[in-house]
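Let's take a friendly walk through this model, one region at a time. Please keep the sequence and the structure open as you read.

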Amino acid sequence: MKKGKLREKRGARSYTKSIIRYSCIILLLLVDLILICLAAYYLNQFAVVVYVIFVLLSFFIAIPLIAQERNAAYKLYWLGVLLIFPIIGHIMYLLWGGMLLNKSTHMKIQSHIDRANEYQIRNEDILAELKMRNAENGKISNFLLRQGFPAYDNTQVKYFEIGEKAIEDMIQQMEAAQSHIFMSFFIIADGEIWDRMSEILERKKRQGVRVCIMYDDAGSVLQLSDSTVLHLKEIGIEIRNFNPVERNYQRLFLNFRNHQKMLIIDGKHAYTGGINISDKYANLVSPFGHWKDTGIRMSGDAVYSMQLLFIGMWNAAGGNIAPAEYPFVREEIVKGICCQPFSDGPSNNPNNPAMDMFMHVIMSAKERVNIMTPYLIIDDAVREILMLAAKSGIEVRVITPGIADKKTVKLMTESHYGPLLAAGVRIYEYTPGFVHAKLCSNEFCAVIGTINMDFRSFFLHYENGVFLPEGEVLNDISMDFEATLLQCREVTYEEWKKCPFFKKVIQELLYLVKCQF
């Protein structure tokens, strides 16, 4: 598409419907908060009666809350809310805090995921061979198998150390599509990258290729225009927004988002990583300095596994793809390796394969642990394991952004620096800009995908990743990590101790609500 037409296409975009929709939702939330405060005010007129009622209510809320199979940070957060705001806090918990509030929705989503995963191919020989080559990797692979995600061999994996390279490769493979293109991203944003991709998608649709696009409704707000969505629907492209915010605005619609990033082409190639479809991921715009992101392309048997992960989420969002329509087809891959795609989300809580995979990689390390993450907002269990690894003589290195995309989240990330640095964990900040890569590796294996080291990724969002237990791709990942370190500034414990007092006070206050970040 010529540049003049691209400018004309961008100029015609409209976000009116989205602006009105979100404005109404924000207004409704404000009305809810006002009503809660009014209820609390009027209840105070009957202080003695209300006090007795809420003491009893606290008993019936607090005991089950403490007994729940739930992360301790959430328990402490809601207990704090109940203690600090005796009346408003109880109303907030009843509206937003219970695990059962979204149970029916989560069960429906999980049922679609499980039905698609029934088509996963379990080959015990692959696991046995992996155990023979490396017992620790075999243990991690067996864990994923027990979660419903088997290992696949005969797969080639290419690593992209920067977002623009991954996007260019995606575009190249999309041009060659003959059967189907399945696309799921947290953010799809109008711009130069989307213009290039949408032109290919429209052309492929005319050629008879099935095109299915899924984006997260909250993630893409005011980035993917109403007119773009309408145009795609008019030309016959199937497009769905996951968890429309108006359906659950009362239930804190910023939670339970689809943070997955998958592109599957003809069942032959599959992409994942931190990259979304937006110009900043290709460094065409630079709101936070240089944008460092990573990703992989799988070609071969493991693509089928990721295709099933997409189908499960697509059907959960109201789509209709029968897994049998796109069966497994084996094509011999030269120098194929074993790898293991997996997914996670709030619908399978209290199981958390995403967080467990990070912990497995850290615990199985013998010499080093390398982590790249945009956010380091972790619970006590992950922090203790990182500290224990460092105290045991394992070199633990963590790269975080030098330029933050969210200042509050940056403060939360830095609040974890002190204990980690004191234990011997080495922390580096990427000075050119923002690190959006999601990577956890040791000398034997790596996990790469969409998972941040924060509460949202571990407990509140739908995520996906790939376990890589072997192959040259591990060398590529290690080399990129070392190259990235050269562009980083190491944070020292002495430097952290000199942090201004008021900043530490703010961080301690934010620590109480870290599970909401």
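## Helix α10 and what follows

Just after α10, G208 has a positive phi of about 95°. Helices here are DSSP runs (H or I, at least four residues), numbered from the N terminus. This is a predicted model, where local features need pLDDT of at least 70, side-chain atom pairs count only at pLDDT 80 or more, and totals for chains, interfaces and linings use all residues. Residues are numbered from 1 along each chain as its sequence is written, and side-chain values use heavy atoms, leaving out hydrogens and water.

Helix α10 covers residues 192-206, and its 15 residues reach 22 Å from first C-alpha to last. That is close to the expected 21 Å, the expected span being 1.5 Å times one less than the number of residues. Among its buried residues are W194, M197 and L201; buried means under 20% relative accessible area, exposed over 50%, and partly exposed in between (1.4 Å probe, protein chains only).

## The nonpolar cores

A nonpolar core is a set of buried Ala, Val, Leu, Ile, Met, Phe, Trp, Tyr and Cys residues joined through side-chain atoms within 4.5 Å. The largest one has 137 residues, and M183, W194, M197, I213, M298 and F310 touch the most other members. Helix α12 (residues 302-316) gives this core its largest share, eleven residues.

Leaving aside residues up to four places away in sequence, F310 touches F182, M183, S184, C212, M214, M262, I264 and I321 (contact means heavy atoms within 4.5 Å). A second, separate core of five residues includes Y77, W78, V81 and Y93.

## R115

R115 sits in helix α6 (residues 103-117). R115 is partly exposed, at 44% relative accessible area.

Technical notes
Helix = DSSP H or I, 4+ residues; strand = E, 2+ residues; numbered from the N terminus.
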